[in-house]
Structure formats: C-alpha cells, structure tokens
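Please look at the sequence and the structure below before reading on. The text after them goes through the structure part by part.

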Amino acid sequence: MDIADWRRQIDEVDRRLVELLNQRWSSVYTWPQTTHLQLAMLQANAKWTPTDTLTLQGNAYLRSYRASHVDGNGSNAQPCDPAIDPALAGQLCIGDGGTPINQVSDNRVLIQPAFTWRPSADTSLTLLGLFQRDVNGVGTQFLPTQGTLFFNPNGMLAPNAFLGDPNRNSFTRNQWWAGYLFEHRFNDAITVRQNLRYASVDTNLQAVIGTGLQANLRTLNRVSYAVPEAAQNLTVDTNALIKFSTGPLSHTTLVGFDYLFSNSQTKLGIGPAPPLDIFNPVYGLQILPPTITSASNQRQNQYGVYLQDQIAFEKWRLTLSGRHDWVDTTTDTFFTNTQSYQAVRAFSGRAGLNYVFDFGLSPYVSYANSFLPTLGTNFNGQPFLPSTSYQYEVGVKYQPPGTNLSATAAAYKLVQQNTLTVDPQHPTFSVQTGQVTVQGLEFGFTASLARGMNIIGAYTYTDAKITQSNGTDVGNQVAVVPPHQGSLWSDFTVQEGLLRGLGFGAGIRYVGTNYGNSANTLLIPGFALVDALLSYDLGELNPKMQGAKLALNATNVMNTQYVTTCSGPAGCFYGQERFITLTMRYNW
C-alpha cells in the first residue's frame with residue numbers, strides 16, 4: 001500500500017520555502033519525498049527572531065483552532081499545521097469541529113516545542129519535537145461516476161454526500177518525532193551541520209467504501225475496509241559547507257553523508273458491507289469488522305554520500321553535484337510466509353549553468369538525474385521498485401535591479417521510471433507505471449508595486465505521456481496531469497487615510513481538462529475557481545491593538561461544483577465547496 005497516503009499529513013509549507021525547493025536538490029538529497037521536504041525545511045533558515053503569536057480561527061463548518069506559537073520569521077502559517085518549520089516555531093494548538101462531508105468530524109491536538117541554545121555566536125543547538133493526535137472521520141468519499149462525472153437519471157450527488165456508515169468511519173493518527181539541529185561555524189570559510197530526527201506514526205483507518213452501482217443506478221455495492229498501519233524512521237545528515245577560491249574561481253562546496261532507516265507495518269482487512277441507496281441512505285446498519293487478511297513489514301536502510309560545488313567566475317555560475325546511494329529493502333509478507341530482498345546501488349548527479357547580466361536577466365540550462373527509493377507495496381504485497389528519472393531544462397529569470405518585479409520562464413523534459421498511480425481495481429492502493437515522459441513550459445511573475453499592491457501569476461503547459469507499460473496504455477496521457485493550469489492573484493492594502501490597514505484581494509485558479517485513469521476513458525472537465533481575501537490591521541484602529549490582525553478568507557467564492565478526478569467506476573471525488581475562514585492573529 002502507498003503508506004504516505006494514509007499515514008502522514010504534510011500540509012502546504014510556507015511560501016518562504018518555495019525558492020529553496022525549486023533548486024532541485026534531487027542529486028544531493030534523494031530520500032523519500034516527505035522526509036526530504038521536512039529536512040529541507042529544517043535547513044531553510046539560519047536567522048531566528050522570536051515572536052509570540054496567538055491565533056484563533058473558525059470556519060463555516062464550526063471547525064475552530066486555538067493556537068499559540070513562538071515564530072522565528074513572522075510567518076503566516078496556518079495554526080495546527082505540522083508543516084510549520086520546527087526550527088523557527090514552537091506551537092501548541094487544538095482543533096475541533098466538522099468538515100464539508102456529512103457525518104464526518106475532524107479533531108486535532110498538536111504540540112511542537114522548540115528550544116535553541118547558543119553558547120557562542122558561531123555555535124547553535126536546536127532541540128525540537130512534535131506530538132500530534134488526530135481523531136477524525138474519513139472524509140474521502142469514493143463516489144460513483146454516474147451522479148458525479150456522468151448523468152444519473154435518479155439525480156446528481158451533492159458534494160457533501162456520505163456513502164459510508166457512521167459506525168465504521170474513523171481515522172486516528174498518533175505521531176511524534178524528536179530531533180536536533182546542530183551548527184558550528186569555524187570561520188568565514190567552513191561551517192559544519194548535523195541534523196537528526198527520529199519519528200513514529202501509528203494510524204488506524206476503518207471505513208466503508210463503494211465498489212460500483214447496481215443496474216438501477218442508485219444502489220451502491222460496498223465493502224468494509226480496515227487498515228491499521230505504523231511506521232518508524234531515523235534520519236541523520238552530516239555535512240560541511242566550505243567556501244574557497246582557486247585562482248579566479250570562487251567555490252561554495254557542500255559535502256556530506258546521510259543515513260535513513262525506515263520500518264513500516266501494514267495490515268489490511270476487507271469484508272462485506274450492505275449496499276446503500278445513494279439517494280435515500282439508511283445508516284447504522286450492522287457491519288462486522290473485517291478480518292485482517294494481509295499483513296506486511298518493510299525495513300529499509302539507505303546510506304548516501306554527496307558533493308555539490310557552486311562555482312562563480314565573473315558573471316557565470318556553474319553548479320555540479322553528485323550523490324551515491326546504497327539502499328537495501330526487506331519485505332516480509334506474513335500470510336503467505338514470504339520474504340523479498342532488494343539491494344540497489346545508484347549514482348545521481350546534476351549540472352547547471354547560468355549567466356547573470358547587470359540588468360537582471362539570468363538565463364540558465366541544467367541537466368539532472370535522480371534516484372528515489374519507494375516504500376510501500378501493491379495490492380498483492382509486492383514491494384515497489386525505486387523511481388528513477390532524468391531531466392533537461394532551459395530557462396530564464398528576470399529581476400530588474402532596484403525593483404520588486406520578477407519573472408521566470410522555463411522549458412523542460414522529464415523522463416521518469418516506476419511512477420506510482422492509483423490502482424483502478426483497488427483504489428486505496430497504488431500501482432507502478434513503466435515509464436512516463438513529461439515535457440512542458442512554465443511561466444511565472446511576481447510584482448510588489450508601490451502603495452501596497454501585489455500581483456502574482458503563473459501558467460504551466462504539461463504534455464505527460466505514458467511511454468512504456470506492460471498494459472495497453474502506451475501513448476496515453478498520464479492520469480491526473482492537466483495539460484493547462486494557471487493562476488492569478490492580486491491584493492492591495494490601503495496605506496493612508498481613514499481606511500489605512502484595510503486589505504483586500506482576489507484571484508482565480510484554473511485547472512484544465514485531464515484524464516482520471518491511465519486508460520484515458522474518464523475525461524475530467526476543467527474548472528476555474530475564484531478566491532478572495534479581506535483583512536484589517538486592528539493596530540490602525542487603536543494603538544493598543546498593535547500586532548492584532550483580522551482576516552476573512554474565502555476559497556471557491558462562486559461555490560463552483562466540480563469533480564477533481566475519477567479513477568474508476570466508484571472512485572470519483574468532488575472538489576472543495578465554498579470555504580470561508582475567519583482568523584484573528586495577535587503578534588507581540
């Protein structure tokens with residue numbers, strides 16, 4: 001099973017990390033994606049200025065957050081967010097309430113302490129940790145195609161339709177981790193760092209989901225699922241940053257060693273459940289817990305050494321990096337009493353060259369190949385193969401000196417082997433596709449204009465095709481990859497007069513048509529969503545309220561009803577309806 005889907009919840013991280021993660025560190029860090037993301041977060045910032053923050057938040061589904069955290073960067077991260085950079089923010093929060101789906105609740109308690117000790121200006125040690133407990137219903141509803149994507153003569157399902165059963169609809173998660181960030185600067189040329197973290201997570205999913213409509217197009221066949229899982233991992237990364245010169249060349253070199261140990265346990269039970277009239281549902285029927293019929297355990301050790309050198313010569317910038325990995329994975333499948341062993345050795349690297357003009361233009365070209373071990377098994381208990389890829393990219397960045405304007409454009413081609421896609425026969429599992437080829441164009445711009453006006457825009461064109469497969473889908477579009485996507489956002493804050501401190505903004509997001517499955521038989525219509533923001537700095541109303549800000553956010557303002565994807569006859573998902581959030585934030 002694809003363990004990341006059910007166990008972990010990594011929300012969107014702060015905007016300040018986007019530039020870091022866009023630098024394509026694949027040749028330096030090739031750990032599993034969630035781990036890589038969090039480690040990148042741990043190293044994102046070196047400066048730390050403490051700010052106390054109290055946040056109260058509520059929404060139309062009576063979901064409320066009560067949060068307090070010490071923030072090292074004055075960020076606007078959402079409360080109860082486990083993706084807040086732990087090196088910059090300790091937080092305590094409680095969230096409880098409902099969700100857009102009928103019969104489904106959502107409750108969270110999270111504590112994230114952080115402590116930094118600086119015995120000198122050159123040395124720092126940050127101890128950090130997290131404990132999070134979620135007691136929720138299962139909000140993901142596997143809806144039939146007739147009544148969502150396609151016409152149903154009996155009617156269309158509402159976005160808040162619940163087709164499970166309240167007596168067997170729960171998802172609990174207990175996760176914690178602890179670690180440290182150590183840094184010592186010997187001098188202006190040499191800095192060493194070591195980051196370590198041990199993490200553990202236990203989840204238990206109990207749900208009833210649909211498998212397909214009967215001939216009358218209103219009676220849904222269902223099964224009962226039980227998926228208890230657990231995982232533990234240890235990550236440690238030790239590196240040195242060295243700055244030096246060789247003649248006219250200036251070098252910034254990163255050399256390091258990292259280790260990852262992962263241990264995961266997955267159990268699966270599938271049992272019968274009574275059918276349901278989707279237009280006149282009756283809940284509370286007797287549904288016996290399914291018997292566990294599949295159980296597996298995976299242990300993985302990964303060792304890696306890496307070297308990256310950024311070389312500057314006048315206005316030229318050359319980046320060269322390489323990494324070698326040794327990975328061994330053992331998978332035990334208990335009910336069949338079988339064991340499989342995988343040992344992989346791989347080298348990955350990256351080369352990039354750009355030239356910085358005085359007037360702000362910076363064209364670049366790059367090549368990279370990557371290697372990513374993939375934890376998890378398919379429905380039959382077979383472990384996934386590592387994913388490998390290579391990519392070419394050319395582009396240009398433009399930021400005129402002395403302005404707050406920037407624009408980017410890029411063209412790329414990416415070839416990836418062993419990618420994960422939804423298993424159309426078992427939608428809670430994944431399968432690996434032989435090879436996909438993705439090529440496209442990306443454009444983006446940001447502008448901070450005078451007197452409080454900001455504009456952000458982006459557009460992507462993506463041509464993603466299956467180029468190798470054991471099935472009959474070669475040449476088809478990759479599922480859930482729309483060829484066209486775009487967004488535009490603008491906000492304005494009044495700078496003077498009686499309305500000083502009042503802010504408002506609006507934007508639009510567009511997602512083009514795409515296919516929900518690799519067979520390309522389920523075409524998902526495109527959609528456009530409008531978002532809006534209204535905020536007020538209460539310090540402008542009364543100096544005693546300095547640091548307090550009130551914000552009203554609305555997504556999908558027009559309450560557009562849309563289907564995000566459909567992976568099979570009973571695998572459709574509606575998108576978020578209009579969602580309004582009121583937030584009070586106080587910094588001091």
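This is a predicted model: local features need pLDDT of at least 70, side-chain atom pairs count only at pLDDT 80 or more; totals for chains, interfaces and linings use all residues.

Residues are numbered from 1 along each chain as its sequence is written, and side-chain values use heavy atoms, with hydrogens and water left out.

Start with the surface. A nonpolar patch of about 940 Å² is made there by Leu54, Leu56, Phe504, Leu534, Leu550, Leu552, Ile580, Leu582, Met584, Tyr586 and Trp588. A patch takes residues with over 30% relative accessible area and no salt bridge; like charges are joined within 9 Å, and nonpolar side chains (Val, Leu, Ile, Met, Phe, Trp, Tyr) within 5 Å. Accessible areas come from the Shrake-Rupley method with a 1.4 Å probe, and for residues only the protein chains shown count as cover. Strand E1 (51–59), strand E24 (548–555) and strand E27 (579–587) are the elements that give two or more residues to this patch. Strands (E, at least two residues) and helices (H or I, at least four) are DSSP runs, numbered from the N terminus. Which strand gives the most to the nonpolar patch? That strand is E27, with four residues. Ile580 has its place in strand E27. With a relative accessible area of 35%, Ile580 is partly exposed. In these terms, buried means under 20% relative accessible area, exposed means over 50%, and partly exposed lies in between (1.4 Å probe, protein chains only).

Next comes the disulfide, a pair of cysteine sulfur atoms within 2.5 Å. A search of the whole structure finds one. It joins Cys566 to Cys572, with an S to S distance of 1.9 Å. The torsion about the S-S bond of Cys566 and Cys572 is about 115 degrees, so this disulfide is right-handed. Are its two cysteines buried or exposed? Cys566 is buried, at a relative accessible area of 0%, and Cys572 is buried too, at 1%.

Charged side chains can also pair. A salt bridge is a side-chain nitrogen of Lys or Arg within 4 Å of a carboxyl oxygen of Asp or Glu. How many salt bridges does the structure hold? There are 14. One of them links Asp332 and Arg299, whose closest N and O atoms are 2.9 Å apart. Because Asp332 lies in strand E12 (residues 316–333) and Arg299 in strand E11 (residues 292–313), the pair ties together parts that are 33 residues apart in sequence. Asp332 counts as buried, at 13% relative accessibility, whereas Arg299 counts as partly exposed, at 29%.

Another salt bridge is formed by Arg323 and Asp325, with the closest N and O atoms 2.8 Å apart. Arg323 is buried, at 1% relative accessibility, and Asp325 is buried, at 0%. Lys465 forms a salt bridge with Asp463, where the closest N and O atoms are 3.7 Å apart. Lys465 counts as partly exposed, at 30% relative accessibility. Salt bridges can share partners as well: in this way Arg108, Asp134 and Arg173 are joined into one network.

Now turn to the spaces between the atoms. On a 1 Å grid over the protein atoms alone, a cavity is a set of points where a 1.4 Å probe fits but cannot get out, and a pocket is an open set with protein on both sides within 12 Å along at least five of seven lines; lining residues have an atom within 4 Å of a point. Grid points are joined across faces, edges and corners, and a volume is the space filled by probe spheres set on the points.

The second largest pocket has a volume of about 530 Å³. It is lined by 22 residues, of which Asn378, Val431, Gln432, Thr433 and Asn470 are the closest to its centre. Strand E16 (405–422) and strand E17 (430–448) are the elements that give two or more residues to this lining. E17 gives the most, with four residues.

The elements that give two or more residues to its lining are strand E10 (249–277) and E11.

Leu143 is found between strand E6 (123–136) and strand E7 (170–185). At 3% relative accessibility, Leu143 counts as buried. Leu143 and Leu157 are 14 residues apart along the chain, and their C-alpha atoms are separated by 8.5 Å.
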